[in-house]
There are 2 protein chains.
Amino acid sequence: MDTLIALNKFRKYFESFVPLNDEEWQALSQYLTVDPLKKKKFYVEAGKVCDQIGLVVKGSVRYYHVKDGEEITGYFSFEDEMLSSYKSFLTRTPAVNYIQALEDSVIVNLSHKNLQQACMNELLGFKMERFGRLVAEHYLICYEERVTSFITQSPEERYSQLLETGGEALYRIPQHYIANFLGITPVSLSRIRRRIMKISA
Amino acid sequence: MDTLIALNKFRKYFESFVPLNDEEWQALSQYLTVDPLKKKKFYVEAGKVCDQIGLVVKGSVRYYHVKDGEEITGYFSFEDEMLSSYKSFLTRTPAVNYIQALEDSVIVNLSHKNLQQACMNELLGFKMERFGRLVAEHYLICYEERVTSFITQSPEERYSQLLETGGEALYRIPQHYIANFLGITPVSLSRIRRRIMKISA
DNA sequence: TCAAAACGTTAACAAAAGATAAGGAATTGG
DNA sequence: CCAATTCCTTATCTTTTGTTAACGTTTTGA
């Protein structure tokens, strides 16, 4: 993907939170890099500090933990979504999870160092700060809703809701990743799917 | 509780994220109110917009949803923790949960309107913005870890970990609230407790 | 102070989910 | 292009969890 198109996608995403004039964008774009992430390559690996935050401008990634030698998928990021191991990035501690490309992807990256510099930049500081707040709030709300779903809904209800809210991307993801995402086993998800099929049939 | 003591607690909390000089604090404190919240009184009710964000300076509160006529406890806030229905507060939409005082409490409140004014205040704007970002990031990390625990751990593991990390406050909270918090039934938690007792005995 | 309500535990049974294995379809990667 | 792997489903069996109800204790509130 063309670097300029990628950067413009980042600008559009940024501006959905905080508007920028051309001068500000010019300054901000200096801090960004556009990097390809080939399928199966890692954006983050457990044990290493996640040193950047990025926007998926093409493709998709999968977040997963490894427990007892098993991969457990926790989340996904698709086009026009941010990606990072937030805790690792924010606290400068080793990540506890992996982030891996599900397909050939392109990421617009902002390294920790560059973010700090952008925040100290006269012209940008305030807007970077606000962007950071709004993005954090956005994902805070996402997580809040996810926790609520774990507490108030059965696995079957969670899956039904996912079918309603999740886009077509859902159909490109292996079922066992979705099962992990819902907090159940693949076998259990398969049973739920059969039950739902019978009802709607 | 004395108003000044309460306000100083808020200052201390704020400064654990962003330092303030006396002049800035003087400005900020104008936007705050100190309100008692008697046991069983509501800080937020489902269906109403949560119009403020607060810091618990004394006491504790419980977050809960009502589903099929049943109360399901999702979270708690204790002394020196923030409280709000974040989604409702941030998006100005009706809350989907209740927040109720577990004991006679005192809250230092910042209304949505006052927060906006503080953000537009020359002297404070930047620091408010940063405080907002850091608090959002802090709770983002909390939620991230909670979601991870739902996906990677069994209810028994979640409870064991809660025993390790949760403070003495744990022993003041009814078991069935904790069961909800863990995403299981009170009966199931009781069985887990017996199993753990046997092991450690 | 005292009756009512709330709590935690336990038991018995039902329902759901996990574990394991097998089989066929789809995908992958050389 | 084809062998190897991954994937989804299904079946069986085990374990865990949910449901309901009962009982004694503690707490609450009038």
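These legends walk through a few close-up views of a predicted model. Local features need pLDDT of at least 70 and side-chain atom pairs count only at pLDDT 80 or more, while totals for chains, interfaces and linings use all residues. Residues are numbered from 1 along each chain as its sequence is written, chains are lettered from A in the order in which they are written, and side-chain values use heavy atoms, with hydrogens and water left out.

**View 1. Where chain A meets chain B.** Here 33 residues of chain A are in contact with 33 residues of chain B (contact means heavy atoms within 4.5 Å). Between them the two chains bury about 3,300 Å², 70% of it on carbon and sulfur atoms; that is the accessible area (1.4 Å probe) lost on putting the two parts together, summed over both. Look for Glu129(A), Leu140(A) and Ile151(A): they supply 21% of the area that chain A buries against chain B, more than any other three residues.

View 2. Chains A and B share eight salt bridges, a salt bridge being a side-chain nitrogen of Lys or Arg within 4 Å of a carboxyl oxygen of Asp or Glu. In one of them, Glu129(A) pairs with Arg130(B) at 3.1 Å, N to O. On the chain A side, α5(A) gives the most, with 20 residues (helices are DSSP runs of H or I, at least four residues, numbered from the N terminus). By class, this side has 13 nonpolar, ten polar and ten charged residues; Ala, Val, Leu, Ile, Met, Phe, Trp, Tyr, Cys and Pro count as nonpolar, Asp, Glu, Lys and Arg as charged, and the others, Gly among them, as polar.

**View 3. A salt bridge within chain A.** Glu79(A) and Lys9(A) join their side chains at 2.6 Å, N to O. The partners sit 70 residues apart, Glu79(A) in the loop between β5 and β6 and Lys9(A) in helix α1. Over all chains, the whole structure has 34 salt bridges.

**View 4. The second largest pocket.** This pocket holds about 790 Å³ of space. On a 1 Å grid over the protein atoms alone, a pocket is an open set of points with protein on both sides within 12 Å along at least five of seven lines, a cavity is a set where a 1.4 Å probe fits but cannot get out, and lining residues have an atom within 4 Å of a point. Of its 25 lining residues, the closest to the centre are Tyr75(B), Arg146(B), Leu162(B), Thr165(B) and Phe181(B). Helix α5(B) gives the most to the lining, with eight residues.

**View 5. A cavity lined by tyrosines.** The largest cavity has a volume of about 30 Å³, and Tyr63(B), Tyr75(B), Tyr86(B), Tyr139(B) and Tyr143(B) line it.

How values were computed:
Helix = DSSP H or I, 4+ residues; strand = E, 2+ residues; numbered from the N terminus. Points joined across faces, edges and corners; volume = space filled by probe spheres on them.
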